[in-house]
Amino acid sequence: MTTTAEIKTALIGYGFSATTFHLPFILNLPPFRFTAVSTSKGEQVQQQHPEVEVYAEPEALLSQSDADLVIITAPNKAHFALAKLALQQGKHVVLEKPFVTRVEQGDELIALAQKQQRVLSVYHNRRWDGDFLTVQKLIADGRLGRVRYFESHFDRFRPEVRKRWRESAVEGGGILFDLGPHMLDQALQLFGPPMAITAQVKTLRPQAEVDDFFHLTLHYPEHLAVLRSSPFCASPNLRFEVQGETGNFIKRGLDPQEDHLRSGQLPVTETWAQEPPEQYGQLYSADGVTTIPTETGGYQHYYHMLARAILDGGEVPVSAEQALWNIRLIHLAQQSAASGQTIQVDHNN
């Protein structure tokens, strides 16, 4: 392992997630240095990054590369085995969400990371969405009073099934394992684990092999949190609605960072993640309507914290223990949907 302030970083996978959500930060934020990748797109990588070692198989990268940090963007069902091997090889690990597909896998990885004294983190980047940070601040500042109802949407207009593993009948496939972790993680950050969960998880599109719709209700002592994703929403997306005893906040549209990264914008300025004023949310109260400027997010903050955790023993940006709660709640949601019952959440595990 390196003893300097450089973090040799390897990617497993070179698809959309790797090139959009990770590579721009690895290439532009010190102390990270892109040194290796496992992919079938070797020729493309060699043209774009001739100095990077290319491995055809992830196992070869993990056993032969001198990378300090491995970022795993493989399909969900491969997360556990690859992370386990990486930790056994003494490497720090970042997993694209979801953490794993089964709770016992997460428990095993957490124990192994502690034994190896390596950082194990999950890329819940949407903790640094500007709209979520705005909601978090409004609640913390008491602008809404006591929260009684929270609603989060991540709807899309995708009425046709696509040919990709996420929409195939494989372990970890389906929209609940795809978008559910983002939304559950944000709810957990705001309110902690719920007392119970009631869920509808459906396969609504005629040709779909796996779930493509969910409606989760998280039960808290004094409020409800509803999380929904639908493939049939062509209208402007309702992202958040928070109702409290002194007012409610409504926010539409999605955080712009994904679109910025897709278009090739580099995350190198203080303002790259800012949202335009026309997308700001509205706070409604007895005194009228107030436009609330969106907080400036930035996925780079995840990577800044990650560097400090690896080099200086700082706080891990998203701990594996936190990320495992998402997997627990996904399984409880599946149980609720299958049984038609509200499922109690055990806070002792």
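Student: In this predicted model, where is glutamine 117 found?
Tutor: The model is predicted. Helix H5 comes on one side of glutamine 117 and strand S6 (120–123) on the other. The residue is found in the loop between H5 and S6.

Student: Is glutamine 117 buried or exposed?
Tutor: A residue counts as exposed when its relative accessible area is over 50%. Glutamine 117 has a relative accessible area of 67%, so the class is exposed.

Student: What is the phi of glutamine 117?
Tutor: Most residues other than glycine have a negative phi. Glutamine 117 is a residue other than glycine with a positive value, and its phi is near 55°.

Student: Which residue just after H8 takes a positive phi?
Tutor: Helix H8 covers residues 180–191. Just after H8, a phi of about 80° is taken by glycine 192.

Student: How many of the twelve residues of H8 are buried?
Tutor: Buried means under 20% relative accessible area. H8 is mostly covered, and the number of buried residues is eleven.

Student: Are H6 and H8 roughly parallel or roughly antiparallel to each other?
Tutor: H6 (residues 130–140) and H8 pack with their axes 11 Å apart, at an angle of about 20°. Angles under 35 degrees count as roughly parallel. H6 and H8 are therefore roughly parallel.

Student: Which residues of H8 make the contact with H6?
Tutor: On the H6 side, the contact is made by Phe132, Val135, Gln136 and Ile139. By class, the contact has five nonpolar, three polar and no charged residues. From H8 the residues are Gln186, Gln189, Leu190 and Phe191.

Student: What is omega for the peptide bond that joins lysine 97 and proline 98?
Tutor: Proline 98 lies in the loop between strand S5 (92–96) and helix H5 (103–116). The bond from lysine 97 to proline 98 is cis, with omega about -5°.

Student: Which residue does a cis peptide bond join to proline 30?
Tutor: The residue is found in the loop between helix H1 (16–28) and strand S2 (32–38). Omega of the bond is about 10°, and the partner of proline 30 is proline 31.

Conventions: Residues numbered from 1 in each chain as written. Predicted model: local features only at pLDDT ≥ 70, side-chain atom pairs only at ≥ 80, totals over all residues. Heavy atoms only, no water. Axes fitted to C-alpha atoms, helices over the stretch in contact; angles between N-to-C directions. Helix = DSSP H or I, 4+ residues; strand = E, 2+ residues; numbered from the N terminus. Parallel < 35°, antiparallel > 145°, perpendicular 65-115°, else oblique. Contact = heavy atoms within 4.5 Å. Nonpolar A, V, L, I, M, F, W, Y, C, P; charged D, E, K, R; others polar. Buried < 20%, exposed > 50% of the residue type's maximum accessible area, 1.4 Å probe, protein only.
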